[in-house]
Amino acid sequence: MQRCHEASGAEMVTVAVRRVNLTDRSKESLLDYIDRSKIFILPNTAGCYNADDAVRTAMLAREVGLSNWIKLEVIGDEKTLFPDNAGLLEATRILVKEGFVVLPYTNDDVVNARKLIDAGAAAVMPLAAPIGSGMGVQNPANLRIMREMITEVPLIVDAGVGTASDAAVAMELGADGVLMNTAIAAADDAVKMATAMKLAVEAGRLAYEAGRMPKKLYASASSPLAGVVGR
């Protein structure tokens with residue numbers, strides 16, 4: 001994990017509050033292996049299935065000194081791990097009032113994303129595909145619409161990335177960042193995949209900023225004849 005952090009150039013790492021040792025300092029913790037002088041810890045509420053649990057978990061993370069930032073997850077279905085939109089919105093409103101910087105994991109729905117922003121979310125984090133599936137961006141049209149209609153907060157693709165090309169596609173669609181874990185952790189060579197992801201994110205962002213050529217149905221000469229004088 002430490003080598004992957006270094007290879008990827010990650011500056012923020014999210015940690016599931018319910019799955020790490022936060023209180024017993026005599027026992028090993030995942031946090032012992034994260035260089036907090038270089039990496040910002042973003043606690044998350046993974047494993048929470050209602051707004052109350054998510055709010056309680058966020059409060060615990062802040063109480064033990066992790067952060068007042070929270071990656072908010074309120075899961076609505078155990079098999080797909082899709083978010084519960086109503087619970088997510090409720091928890092966002094509560095946590096924003098409590099002074100948290102809330103980054104909600106949501107679906108690729110611009111209407112729900114707008115509600116979260118109106119509730120005070122500091123970013124929206126739509127899924128590309130189900131968590132841990134590695135299927136890549138399944139609905140590029142929705143992500144493109146979200147990028148066009150949401151400009152006031154960052155858009156971070158969260159979940160579903162499987163390989164470097166998936167990350168590049170997400171960034172080419174206009175995402176400000178990509179959150180990933182399984183694609184790197186489950187690779188045959190995790191460090192090489194972490195390096196590939198770094199390069200893919202950089203390439204995708206540059207391509208988005210450059211602006212791609214329009215797609216055409218028919219061929220077009222790459223060496224145009226305009227301006228050529230015939231004899």
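Modeller: Helices α3 and α4 (residues 110–118) pack with their axes 9 Å apart, at an angle of about 15°. That angle makes α3 roughly parallel to α4. Keep in mind that this is a predicted model.

Colleague: Which hand does the crossing of α3 and α4 have?

Modeller: Right-handed, for α3 and α4.

Colleague: Ok, and what about α6 and α8, at what angle do they pack?

Modeller: About 25°, with 7 Å between the axes of α6 (residues 164–172) and α8 (residues 190–210). So α6 counts as roughly parallel to α8, the cut-off being under 35 degrees. When α6 passes α8, the crossing is right-handed.

Colleague: Zooming out, how many helices and strands are in the chain?

Modeller: Eight helices and seven strands. The C-alpha atoms fill a box of roughly 85 × 40 × 30 Å along the principal axes.

Colleague: And what share of the residues counts as buried?

Modeller: 42% of the 231 residues in the chain.

Colleague: Switching to charges. How many salt bridges does the count come to?

Modeller: Seven. One of them pairs Glu 73 with Lys 71, where the closest N and O atoms are 2.6 Å apart.

Colleague: Is Glu 73 buried or exposed?

Modeller: Buried: Glu 73 has a relative accessible area of 6%. Lys 71 counts as buried too, because its relative accessibility is 5% and the cut-off is under 20%.

Colleague: Let's go to α8. Which residue forms a salt bridge with Arg 205?

Modeller: Glu 209 does, with the closest N and O atoms 3.3 Å apart.

Colleague: Backbone next. What is the phi of Leu 81?

Modeller: Positive, about 60°, although Leu 81 is not a glycine. Leu 81 lies in the loop between β3 (69–72) and α3 (85–97). With a relative accessible area of 26%, Leu 81 is partly exposed.

Colleague: What about Ala 159, what is its phi near?

Modeller: Near 95°, again a positive value in a residue other than glycine. You'll find Ala 159 in the loop between β6 (156–158) and α6.

Colleague: And is Ala 159 buried or exposed?

Modeller: Buried, because its relative accessibility is 9%.

Colleague: Ok, on to the surface. Which residues form a nonpolar patch there?

Modeller: Met 1, Leu 30 and Tyr 33, which together have about 260 Å² of accessible area.

Colleague: Where is Leu 30?

Modeller: In the loop between β1 (12–16) and β2 (40–44). Leu 30 counts as partly exposed, since its relative accessibility is 37%.

Colleague: How far is the C-alpha atom of Asn 181 from that of Ile 131?

Modeller: The two C-alpha atoms are separated by 9.5 Å, with Asn 181 and Ile 131 being 50 residues apart along the chain.

Terms used
Residues numbered from 1 in each chain as written. Predicted model: local features only at pLDDT ≥ 70, side-chain atom pairs only at ≥ 80, totals over all residues. Heavy atoms only, no water. Patch = residues over 30% accessible without salt bridge, like charges linked within 9 Å, V, L, I, M, F, W, Y side chains within 5 Å. Areas by Shrake-Rupley, 256 points an atom, 1.4 Å probe, with all protein chains shown as cover. Salt bridge = Lys/Arg side-chain N within 4 Å of Asp/Glu carboxyl O. Helix = DSSP H or I, 4+ residues; strand = E, 2+ residues; numbered from the N terminus. Buried < 20%, exposed > 50% of the residue type's maximum accessible area, 1.4 Å probe, protein only. Axes fitted to C-alpha atoms, helices over the stretch in contact; angles between N-to-C directions. Parallel < 35°, antiparallel > 145°, perpendicular 65-115°, else oblique. Left-handed = near helix turned anticlockwise from the far one by under 90°.
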